[in-house]
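Here are my notes for someone opening this one for the first time. Have the model on screen and follow the points in order.

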Amino acid sequence: MPNTCYHVYLALSVRERGTLEAWFNCDVMSEADTNAIIFPQSLLHIPFTSENRAMFSALIAVTETELRRCYQQGNSPGETDVFEHIRVSVEALLKAQPTLKECNQQRIASALFISPRTLQRKLKLSGTSFQQLLNDERKCRLDELLKHHSIADTADLLGFKEQSSFTHAFKKWYSTTPLRYQKQLVK
């Protein structure tokens, strides 16, 4: 993250500064007027993950605490909004996958360094589920895949184990068969 800078209010030793620079992979300025992490707005759309599990867990805890504090001081939109970031993180991870094969709740939870049960609970608090987010991403990819692939290949790329499962889900979503839908797309 070349344009990122971390400002710390306290004076830091050379060792402390080095540790923070390694953690955040950016310049660290000590004795600043305020504590801040400054980064380009475009980075807000990137899933918040880290190879350092301890740092990631600590940052998530701080983020959730700060969100709760901000909401309590402001309009108090409620606990649901505090966990909205988990939904956004899951959506971003799903969108980042070239295919949805092997894309399941366990793998997404691991990428976020949380248990599948915690992911399930936080998604429920944000008003959705992993299955709903996965199906939404499948629907987003559907037209493009059906234009260029067979129904069997499309089912596979969308993460369905069997074509019959894909056909069943498709009929539930659109009240038609994938073949009829595909024929309308390629006209």
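1. A word on burial to begin with: a residue is called buried under 20% relative accessible area, exposed over 50%, and partly exposed in between, using a 1.4 Å probe and protein chains only. On that scale, buried residues make up 33% of the 187 residues in the chain.

2. Some ground rules. This is a predicted model, where local features need pLDDT of at least 70 and side-chain atom pairs count only at pLDDT 80 or more, while totals for chains, interfaces and linings use all residues. Numbering starts from 1 along each chain as its sequence is written, and side-chain values rest on heavy atoms, with hydrogens and water left out.

3. Now the overall layout. Helices (H or I, at least four residues) and strands (E, at least two) are DSSP runs, numbered from the N terminus. The chain has 10 helices and 3 strands, and their order along the sequence is β-α-β-β-α-α-α-α-α-α-α-α-α. As for contacts, the term means heavy atoms within 4.5 Å. Of the contacts in the chain with a separation of 6 or more, 52% come from residues 24 or more positions apart.

4. Take a look at helix 10, residues 178-185. Which of its residues are buried? They are P178, Y181 and Q182. Viewed down the axis of helix 10, these buried residues fall within an arc of 100°, so they line one face of the helix; the arc is that of the directions from the helix axis to the C-beta atoms. R180 and Q184, on the other side of helix 10, are exposed. What do the buried residues of helix 10 pack against? Their partners are helix 7 (130-148), helix 8 (151-157) and helix 9 (163-174).

5. A pair of aromatic rings is described by the distance of the centres and the angle of the planes. Here, rings of Phe, Tyr and Trp (its six-membered ring) pair if their centres lie within 6.5 Å; planes under 30 degrees apart count as stacked, over 60 as edge-to-face and the rest as tilted. The count comes to 7 aromatic pairs. Ring pairs join F160, F166, F170, W173, Y174 and Y181 into a cluster.

6. R138 lies over the face of F160, 3.9 Å from the ring centre. The rule for a charge over a ring is that NZ of Lys or CZ of Arg is within 6 Å of the ring centre and within 35 degrees of the ring normal.

7. On to salt bridges. Side chains of opposite charge can pair when their charged atoms come close. The cut-off is a side-chain nitrogen of Lys or Arg within 4 Å of a carboxyl oxygen of Asp or Glu, and the count comes to 5 salt bridges. E91 and R87 meet in one of them, at 2.7 Å from N to O. These two are 4 residues apart in helix 4 (residues 84-96), which puts about one helical turn between them. E91 is partly exposed, at 27% relative accessibility.

8. Another salt bridge is formed by K101 and D156, with the closest N and O atoms 2.9 Å apart. K101 lies in the loop between helix 4 and helix 5 (105-111) and D156 in helix 8, so the pair ties together parts that are 55 residues apart in sequence. K101 is partly exposed at 38% relative accessible area, and D156 is partly exposed at 34%.

9. K161 is exposed at 71% relative accessibility, whereas E102 is partly exposed at 49%. Finally, K95, E137 and R141 are linked in a network of salt bridges.

10. Check the backbone as well. Most residues other than glycine have a negative phi, and most peptide bonds are trans. E102 is not a glycine, yet has a positive phi of about 55°. F113, in the loop between helix 5 and helix 6 (116-125), also has a positive phi, near 60°.
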